[in-house]
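Q: I have a chain open and would like to go through it with you, starting with the overall layout and then moving to single residues. Can you take a look?

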Amino acid sequence: MNLMKSLKTAIIAVFLFSASVANAALIQFNLTGDYTASWQLESTTPDDVFDGIWATYIDVTGSFPGASQSAVDVTFYTPVLQGGFEIYDYNAGIALVATAGPMLYTESANGPLFTFGTFALTAYDGPGNYTLSISAAAAPVDVPEPATSALLLGGLGLMLASGRRFKALRRG
């Protein structure tokens, strides 16, 4: 009887401690110089990718002077296209700013990891100087995975069921 009880307790402990959390980070971008803008990305999963060339985020909201609407497309380029990034007003069909400079992310365009820091950039075509700062907008927050809640509820249910069974055995 004690062996069964110990086994159940061990199984419940395994279920509860096998839960994991996802790290959700908000990334802040601040552009100064000949054009100023600021925006945040909640995810580093781009909407459009041409791996080895660019990663595009569509309908990014923030402060984009001269944009026809509140959302623009932001594309980050690899050194194949001189690095840097572009802020494109899709509705007006114009680039608000296009820069050249270092590649601003690591890994692949499918899952870019932005490099935090301050970067000096120049205009992609013509005169212009810019400074882009990339930082964490807020401390990362632990977001429970759905499986975590399911495991927790399952473990609590097993503990409740075993407690009821134990009480029933003591009575009978």
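Q: How many helices and strands does the chain have?
A: This is a predicted model, and in it the chain has two helices and 13 strands.

Q: And what share of the residues counts as buried?
A: Of the 172 residues of the chain, 28% count as buried. As for the surface, the chain exposes about 10,400 Å², and carbon and sulfur atoms supply 60% of that area.

Q: Among contacts between residues at least 6 apart in sequence, what part joins residues at least 24 apart?
A: That part is 47% of such contacts in the chain.

Q: Let's go inside. Which residues of the largest nonpolar core touch the most other members?
A: The largest nonpolar core has 29 residues, and those touching the most other members are Leu31, Trp39, Phe64, Phe76, Phe85 and Ile87. At least two residues of this core come from each of E2, strand E3 (37-41), strand E5 (54-63), E6, E7, strand E8 (94-100), strand E11 (117-123) and strand E12 (129-136). In soluble globular proteins, nonpolar side chains tend to be buried together.

Q: What does Phe85 touch, leaving out residues up to four places away?
A: With those residues not counted, Phe85 touches Leu31, Trp39, Val74, Thr75, Phe76, Tyr77, Val97, Ala98, Thr99, Leu104, Leu121 and Leu132.

Q: Buried or exposed, for Leu104?
A: Leu104 counts as buried because its relative accessibility is 0%, and the cut-off for buried is under 20%. Beyond residues up to four places away in sequence, Leu104 touches Phe76, Gly84, Phe85, Leu113, Phe114, Thr115, Phe119, Leu132 and Ile134. Leu104 and Phe116, twelve residues apart in sequence, have their C-alpha atoms 8.4 Å apart in space.

Q: What about Ala92, how far is it from Ser68?
A: The C-alpha atoms of Ala92 and Ser68 are separated by 6.3 Å, although these residues are 24 apart along the chain. Ala92 lies in the loop between E7 and E8, and Ala92 is partly exposed, with a relative accessible area of 42%.

Q: Which side chain does the side chain of Gln28 make a polar contact with?
A: The partner is the side chain of Gln40, at 2.6 Å. Gln28 lies in strand E2 (residues 27-33) and is buried, with a relative accessible area of 15%. Not counting residues up to four places away in sequence, Gln28 touches Ser38, Trp39, Gln40, Ser133, Ile134, Ser135 and Ala137.

Q: Why does Val80 count as exposed?
A: Val80 counts as exposed because its relative accessibility is 57%, and exposed means over 50%.

Technical notes. Residues are numbered from 1 along each chain as its sequence is written. This is a predicted model: local features need pLDDT of at least 70, side-chain atom pairs count only at pLDDT 80 or more; totals for chains, interfaces and linings use all residues. Side-chain values use heavy atoms; hydrogens and water are left out. Helices (H or I, at least four residues) and strands (E, at least two) are DSSP runs, numbered from the N terminus. Buried means under 20% relative accessible area, exposed over 50%, partly exposed in between (1.4 Å probe, protein chains only). Contact means heavy atoms within 4.5 Å. Accessible areas come from the Shrake-Rupley method with a 1.4 Å probe; for residues, only the protein chains shown count as cover. A polar contact is a pair of N or O atoms within 3.5 Å; within protein, one must be able to donate a hydrogen and the other to accept it, and residues adjacent in sequence count only if both atoms are side-chain atoms. A nonpolar core is a set of buried Ala, Val, Leu, Ile, Met, Phe, Trp, Tyr and Cys residues joined through side-chain atoms within 4.5 Å.
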